[in-house]
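I opened a new page in my notebook for this chain. I'll jot down what I look up as I go.

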Amino acid sequence: MTAGRVTPVSDVHQPVFDHLERLSDDRGLFEHARLTVPRREHGYCVDDVARGLVVVCHEPAPGLAARRLAHCYLAFVLDALDPAGACHNRMAVDGRWRDRAAVGDWWGRALWGLGVAAASAQTPGMRARALGGFRIAAQCRSPHIRSMAFAALGAAELLRNRPDEMAARQLLTDTVAVIGTGEDGDSRWPWPEERLSYANASIAEALIVAGEALPDEAALRRGLSLLGFLLRTETRDGHLSVTPVGGRGHDDAGPGFDQQPIEVSALADACGSAFRITRQSSWRTGVRLAWDWFLGDNDSATPMFDPRTGGGYDGLERNGRNLNQGAESTLAMLATAQQVRRVSELE
C-alpha cells in the first residue's frame, strides 16, 4: 500500500474467519496466540468472547463457521453471569472460572455482546436467550467509565430493535450521567479523563448512540465533539497515529508505540455510528483511515493483518509489528472490515 492513499470502498477486504476459528474450540475463544497458534494454557476471557459475539452477530449472511461461533460465544457469555448481574471474566482451559464475578470492562463487553446478539443473532431462540442475559447483567452498574460505555453500545443497538426495552434505555441514561456533559471541561483538553488510554473512541460512541436513542441532543453533540477531538489527536501526516499502550496526555508528542488494533477498531466503530446518524463525510473518512491503518498506512508503514486467514497482528511497533495473532487484534481487524462495509452500504 502507498503511504497516504485512502482505500476505495471497492478495495475493502471482506472478513475471513479462518484464524478466528483456529483460536476457538467448543468452549470459547482463546485469548492469546504465539504467532498463529492458540496459547491454550492462558485460557479464555469474556472480554474477547464478547467481542467475538459482536463480530459474528454483525455478519449479515453468516456462513456455517460464523453461525457455530455465535452459538459457542453466546453460551460462554451467558455462563459468565451471576444471578445478580455481575460477570466473571477469566476461564481456565478446563472450564473453571478463575475469578469472582464483578463489573469491570468485561461486564460492559458482556452487555455489548448480549445487546447485539439480542438484536441480530441468527435465530429467535438465540435472540431470546441473549435478551434474557442482557436483562440480568443490566441490573448492575459499574463505576468505571469504559465499562459503562461498552455496556451502552449494546444497549443502544438493542434499543434500535426494541424501542420499549426499559433496561436498555435506563442503562443509556446512566451512562450519559457517568461520562458527563463536559460543561466545566478544559477546552484545550475536552476529554473526560486526564489521559487517553485504550478503546478511547468507545466513550465518544456511547454518547453518540445514546444521544440518538434516548433522544438526548446534548449527549449527541458532546459525543461528536469528543470524537472529532480524538480523530484530530490521533491523525498524523494523513494517517492514523493512535494512542499507544502507555497512553497519551495533553503534552505528549507522537508517534507512540506499541499501538493497539483495538484503538483503531474503536475509532472505526465510532466514526461509523457518527456517519450513520449525521451522514457527514468526515466520519466516513475516519472509517476508511482506520481500514488503511490495517492495510499499512500507519507510522511504521506495516500491514497489520493476514488477508488469507483473517489473522490480526497484536501491535504496531516502531520497526514493524508484533507477529503474534491473538483474539483481540484479530477481532479488531474483522470489526473494522465490517464497519467499512456498512458505511459503503449507506453511500
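**Ground rules.** I'm working with a predicted model, where local features need pLDDT of at least 70, side-chain atom pairs count only at pLDDT 80 or more, and totals for chains, interfaces and linings use all residues. Residues are numbered from 1 along each chain as its sequence is written, and side-chain values use heavy atoms, with hydrogens and water left out.

**Whole chain.** I found 12 helices and 10 strands; these are DSSP runs numbered from the N terminus, helices being H or I of at least four residues and strands E of at least two. The C-alpha trace spans about 50 × 45 × 35 Å along its principal axes. Next I looked up how much of the chain is buried (under 20% relative accessible area; exposed is over 50%, partly exposed in between, with a 1.4 Å probe and protein chains only). Buried residues make up 58% of the 347 residues.

**Core.** In soluble globular proteins, nonpolar side chains tend to be buried together. A nonpolar core here is a set of buried Ala, Val, Leu, Ile, Met, Phe, Trp, Tyr and Cys residues joined through side-chain atoms within 4.5 Å. The largest one has 113 residues, and Trp-107 and Leu-227 have the most contacts inside it. Helix H6 (residues 145–161) gives the most to this core, 11 residues. What does Trp-107 touch, not counting residues up to four places away in sequence? Its partners include Gly-85, Cys-140, Met-148 and Leu-171; contact means heavy atoms within 4.5 Å.

**Pocket.** I had to look up the term: on a 1 Å grid over the protein atoms alone, a pocket is an open set of points where a 1.4 Å probe fits, with protein on both sides within 12 Å along at least five of seven lines, and lining residues have an atom within 4 Å of a point. The largest pocket is lined by 32 residues, and His-58, Glu-205, Asp-269, Gln-339 and Arg-342 lie nearest its centre. H12 gives the most to this lining, with 10 residues.

**Loop residue.** I found His-42 in the loop between strand S2 (37–38) and strand S3 (44–45). His-42 counts as partly exposed because its relative accessible area is 27%. Leaving aside neighbours within four places in sequence, His-42 is in contact with Glu-31, His-32 and Arg-98. The C-alpha atoms of His-42 and Phe-30 are separated by 7.4 Å, and these two residues are 12 apart along the chain.
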